[in-house]
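Subject: Structure handover

Hello,

Here is the structure I promised you. Please open it and keep it beside you while you read my notes below.

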Amino acid sequence: MPRILITNDDGIYSKGLRAAVEAVKDLGEVYVVAPLFQRSASGRAMTLHRPLRAKLVDVPGAKVAYGIDGTPTDCVIFALARFTDFNLAISGINLGENLSTEITVSGTASAAIEAATNGIPSIAISLEVSREKYKFGEGSEVDFSTASHFLRKVARAVLRDGLPEGVDMLNVNVPDDATEETGIAVTRLAHRMYRPTIEERIDPKGNPYYWIVGRKCREFEPGTDAYALKVERKVSVTPINIDMTARVDLREVERLF
């Protein structure tokens with residue numbers, strides 16, 4: 001029976017993670033290792049300067065589930081050390097879309113990337129949410145049923161056929177108004193989704209403090225994940241290769257030196 005690892009960055013108590021387990025529990029033996037707390041935007045950070053703590057958590061449909069007081073990348077490393085190998089890794093279902101080259105910031109995508117670096121076919125899946133305040137909660141207000149449908153469809157295909165040569169993971173984004181009949185677009189990454197900046201505010205003692213905030217881009221190039229999701233209202237599936245070496249004649253770079 002295939003062995004499936006499920007993780008996320010919203011935390012082990014997220015409704016989206018429970019929905020992911022429910023979607024694939026009959027496709028294989030499901031193991032869950034996920035952060036105990038919200039770890040969005042943690043990228044590929046790993047914990048090196050303190051010990052990790054692990055807690056067994058009851059997740060219906062999973063053979064075993066651990067909550068880790070670390071990052072999504074920590075969770076994948078822990079899972080591989082504890083349970084050896086997997087046939088598929090799934091990260092999500094995330095609250096809020098993960099689009100563009102900014103997926104390197106995403107804890108959701110980064111967990112899938114970490115699994116992919118270990119040769120495990122991986123899926124990162126995210127659900128667009130209609131209200132910003134839902135993005136960093138546990139998802140109790142959000143309906144994951146359609147995203148679960150597409151996760152099951154993609155996971156079953158990957159388990160059956162594997163990923164195409166040169167593809168290490170799939171980054172999937174589902175519109176919040178999608179139905180089971182919504183079309184799928186195979187896309188490339190948009191250049192960026194947000195333009196980050198800093199807001200300065202003043203605390204009650206008169207000292208400045210700062211928030212990193214992001215302003216959404218409004219226009220996207222056709223063929224990109226952001227265009228498919230935001231303009232065409234399709235499910236975006238982006239094939240990702242973790243080798244970020246530029247596809248150029250290396251001799252052209254040598255001439256620089």
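Ser100 sits in the loop between strand 5 and helix 3. Helices here are DSSP runs of H or I with at least four residues, strands are runs of E with at least two, and both are numbered from the N terminus. Phi of Ser100 is near 70 degrees, a positive value in a residue other than glycine. Ser100 has a relative accessible area of 0%, so it is buried. Buried means under 20% relative accessible area, exposed means over 50%, and partly exposed is in between (1.4 Å probe, protein chains only).

A word on the source: this is a predicted model, where local features need pLDDT of at least 70 and side-chain atom pairs count only at pLDDT 80 or more, while totals for chains, interfaces and linings use all residues. Residues are numbered from 1 along each chain as its sequence is written, and side-chain values use heavy atoms, with hydrogens and water left out.

Now look at Ala41. Ala41 is not a glycine, yet its phi is positive, at about 65 degrees. Ala41 belongs to the loop between strand 2 and strand 3. Its relative accessibility is 55%, so Ala41 counts as exposed.

Next, two spots in strands. Gly92 and Ile93 are joined by a cis peptide bond, with omega about 0 degrees. Ile93 is part of strand 5 (residues 88-95). Pro208 lies in strand 10 (residues 208-216). Pro208 is partly exposed, with a relative accessible area of 43%. Leaving aside residues up to four places away in sequence, Pro208 touches Glu200, Arg201 and Ile202. Contact means heavy atoms within 4.5 Å.

On to helix 2 (residues 72-83). Its 12 residues should span 16 Å at 1.5 Å a residue, and its end C-alpha atoms are 16 Å apart, which agrees. The expected span is 1.5 Å times one less than the number of residues. Nine of the 12 residues are buried, so helix 2 is largely enclosed by the rest of the structure. Among the buried ones are Cys75, Phe78, Leu80 and Phe83. The buried residues of helix 2 pack against several elements, including strand 1 (3-7), strand 4 (64-68) and helix 3 (107-117). Just after helix 2, Thr84 takes a positive phi of about 60 degrees.

Finally, the helix pairs. Two packed helices are described by the angle between their axes and the distance between the axes. Axes are lines fitted to C-alpha atoms, for helices over the stretch in contact, and angles run from 0 to 180 degrees between N-to-C directions.

Helix 2 and helix 3 pack at about 30 degrees, with axes 8 Å apart. That makes helix 2 roughly parallel to helix 3. Angles under 35 degrees count as roughly parallel, over 145 as roughly antiparallel, 65 to 115 as roughly perpendicular, and the rest as oblique. Pro72, Thr73, Val76 and Ile77 of helix 2 meet Gly107, Ser110, Ala111, Glu114 and Ala115 of helix 3.

Helix 1 (residues 15-24) and helix 4 (residues 145-161) pack at about 50 degrees, with axes 9 Å apart. Helix 1 and helix 4 are therefore oblique to each other. Ala19, Ala20, Ala23 and Val24 of helix 1 make the contact with Ser148, Leu151, Arg152 and Ala155 of helix 4.

Best wishes
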